[in-house]
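I opened my notebook for a new protein today. I wanted to see how it is put together, one look-up at a time.

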Amino acid sequence: MTQTVKLNNNVEMPVLGLGVYKISEDEMQQVVTAAIEAGYRSFDTAHFYFNEESLGKAIKNSGVAREDLFITTKLWNDDQGYDNTIKAFNTSLKKLALDYIDLYLIHWPCPDDDRFIESYQAMEALYAEGKIKALGVANFKEHHLERLLSVAKIKPVVNQIEYHPIFNEKALQDFCEARDIHVTAWSPLMRGGELLENSTLQNIALKYNKTVPQVIIRWHIDNGRIVIPKSSHPERIKQNYDVFDFELSTDDLAAIDELNRSERQFKDPDKVNSGDLK
């Protein structure tokens with residue numbers, strides 16, 4: 001495996017994985033093959049990505065032993081609730097053609113629906129059966145986590161959140177770390193390509209003879225975050241993984257932190273509920 005972090009239940013998770021959001025069935029095999037060749041062993045999908053089945057086929061064809069892979073998928077909003085969660089998980093497991101999922105996440109808290117507690121309790125039951133190796137959440141704010149932690153028997157290992165230089169969630173990361181919950185950054189490079197033209201990032205990249213995306217990924221890793229950049233281009237997949245031969249200086253980390261504008265590119269988790277984000 002790549003460099004890993006130890007989660008609070010002692011499961012080892014690669015610090016760098018590949019997100020497969022919007023990777024089509026036609027692309028998946030090429031994408032996974034390129035990622036495996038580059039060194040990736042962690043893949044992040046979701047029911048909502050509608051590509052669990054193609055990812056399952058691609059990793060089966062990869063020739064990599066199951067125990068050397070780390071597969072994450074997620075419970076979609078419309079499937080929340082105890083019984084629905086059990087059913088949705090088993091559907092994902094079947095589509096991925098796996099015996100277990102390494103990490104299963106609640107995709108959004110959906111606070112107005114108020115079902116994330118019973119959804120998590122269903123996940124705890126699946127964890128007890130050995131079908132899930134680690135439990136987590138995504139897009140949870142502090143108050144969502146506080147409510148969950150007040151009743152959870154098994155602490156979530158990860159909170160996967162939008163996190164990039166323009167939207168720095170340091171306060172939420174500090175909250176999670178104080179409770180031994182790792183933060184995973186999704187959309188870590190920010191969409192739209194704006195950061196590629198940023199002079200601060202360009203100068204730092206020149207200093208280390210790296211690309212701007214490599215510098216941003218390293219910024220995440222050096223700040224203790226798990227990171228799951230997405231790409232369908234084999235060369236970019238390879239470049240995004242080539243980040244383990246340097247570290248950013250304290251000054252460079254601070255300079256990237258100063259780019260923060262506290263601007264989300266995606267919806268506020270308090271405003272997402274079932275039926276949204278179709």
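**Ground rules**

I am working with a predicted model, where local features need pLDDT of at least 70, side-chain atom pairs count only at pLDDT 80 or more, and totals for chains, interfaces and linings use all residues. Residues are numbered from 1 along each chain as its sequence is written, and side-chain values use heavy atoms, with hydrogens and water left out.

**Entry 1: the sheet**

I looked up the strands first (strands are DSSP runs of E, at least two residues, and helices are runs of H or I, at least four, numbered from the N terminus). Which order do the strands of the open sheet follow? Eight strands line up as β3-β4-β5-β6-β7-β8-β9-β10, and the pairing is parallel. Two strands pair if DSSP finds at least two bridges between them. At the edges I found β3 (18–19) and β10 (226–227), each pairing on one side only.

Then I zoomed in on β6. Four bridges connect β6 with β5 (residues 70–75), and the two run parallel. Thr73 has Tyr104 in β6 as its bridge partner. Three bridges link β6 with β7 (residues 135–138), again running parallel. Here Ile106 is partnered with Val137 in β7.

Where do the side chains of β6 point? In β6 (residues 103–106), Leu103 and Leu105 point one way, Tyr104 and Ile106 the other way, and all are buried. Buried is under 20% relative accessible area, exposed is over 50%, and partly exposed is in between (1.4 Å probe, protein chains only). I noted the general rule beside this: side chains in a regular strand alternate between the two faces of the sheet.

**Entry 2: the core**

Next came the nonpolar core, meaning buried Ala, Val, Leu, Ile, Met, Phe, Trp, Tyr and Cys residues joined through side-chain atoms within 4.5 Å. The largest one has 90 residues, and Leu7, Phe43 and Leu248 touch the most other members. I listed the contacts of Leu248 (contact means heavy atoms within 4.5 Å). Leaving out residues up to four places away in sequence, Leu248 touches Ile204, Tyr208, Val215, Arg218, Trp219, Asp222, Leu253 and Ile256.

**Entry 3: empty spaces**

Rolling a probe the size of a water molecule over the atoms shows where empty space is left. On a 1 Å grid over the protein atoms alone, a cavity is a set of points where a 1.4 Å probe fits but cannot get out; a pocket is an open set with protein on both sides within 12 Å along at least five of seven lines; lining residues have an atom within 4 Å of a point. Grid points are joined across faces, edges and corners, and a volume is the space filled by probe spheres set on the points.

How many cavities of 30 Å³ or more are there? The search of the whole structure finds one. The largest cavity has a volume of about 50 Å³, and its lining includes Asn139, Phe140 and Arg264.

The largest pocket has a volume of about 1000 Å³. Its lining counts 39 residues, and Tyr21, Ser187, Arg191, Lys230 and Phe266 lie nearest its centre. The elements giving two or more residues to this lining are α8 (212–222) and α9 (234–241).

**Entry 4: single residues**

I looked up Ser187 again, in the loop between β9 (182–186) and α7 (199–208). Its phi is near 50°, a positive value in a residue other than glycine. Ser187 is buried, with a relative accessible area of 16%. Met190 lies in the loop between β9 and α7 too, with phi near 65°, and Met190 is buried at 12%.

Is Asp257 buried or partly exposed? Asp257, in helix α10 (residues 250–257), is partly exposed because its relative accessible area is 29%.

Asn240 has its place in helix α9 and counts as buried because its relative accessibility is 6%. Beyond four places away in sequence, the contacts of Asn240 include Leu16, Tyr40 and Pro229. Gly17 sits in the loop between β2 (12–14) and β3, and counts as buried at 1% relative accessibility.
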